[in-house]
Amino acid sequence: MAKLSPVKFEFQAADGLAISSVNTHRNFFGERCDIRLASGDGHAYTSCVAFGLERWLSVLLDLHGGDARQALESVRAAARQVA
């Protein structure tokens, strides 16, 4: 079933370290916890997102040779590009 409808997606750094994931629960919790759509026409589908902040920090430090100030500046520069 997991091959037909994958429920977990991992985002990995270049070295394969998982740094975040998205899990889709489909209607599992909707049915078991009776979470219904506002229309009342069925059970809700749920999902969750996880971020390994310590893993992101590790990757950023590795990318910048352990220089925390340079890693922070790179994050700030990326934020300015999307703002």
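How many disulfides does the count come to by the sulfur-distance rule?

1. Basis. This is a predicted model, in which local features need pLDDT of at least 70, side-chain atom pairs count only at pLDDT 80 or more, and totals for chains, interfaces and linings use all residues. Residues are numbered from 1 along each chain as its sequence is written, and side-chain values use heavy atoms, with hydrogens and water left out.

2. Cysteines. The count is zero disulfides, a disulfide being a pair of cysteine sulfur atoms within 2.5 Å. Cysteine 33 is in no disulfide. The sulfur of cysteine 48 has that of cysteine 33 as its closest cysteine sulfur, 13 Å away, which is too far for a bond. Cysteine 48 is partly exposed at 32% relative accessible area (buried is under 20%, exposed over 50%, partly exposed in between; 1.4 Å probe, protein chains only).

3. Sheet. Three strands make an open antiparallel sheet in the order E1-E2-E3 (strands are DSSP E runs of at least two residues, helices H or I runs of at least four, numbered from the N terminus; two strands pair if DSSP finds at least two bridges between them). E1 (8–12) and E3 (46–51) are the edge strands; each has a single partner, so one side of each lacks a neighbour in the sheet. Five bridges join E1 to E2 (residues 18–26), and lysine 8 has asparagine 23 in E2 as its bridge partner.

4. Helix H1. Glutamate 31 lies in H1 (residues 28–32) and is partly exposed, at 43% relative accessibility. Its C-alpha atom is 8.9 Å from that of tyrosine 45, 14 residues apart along the chain.
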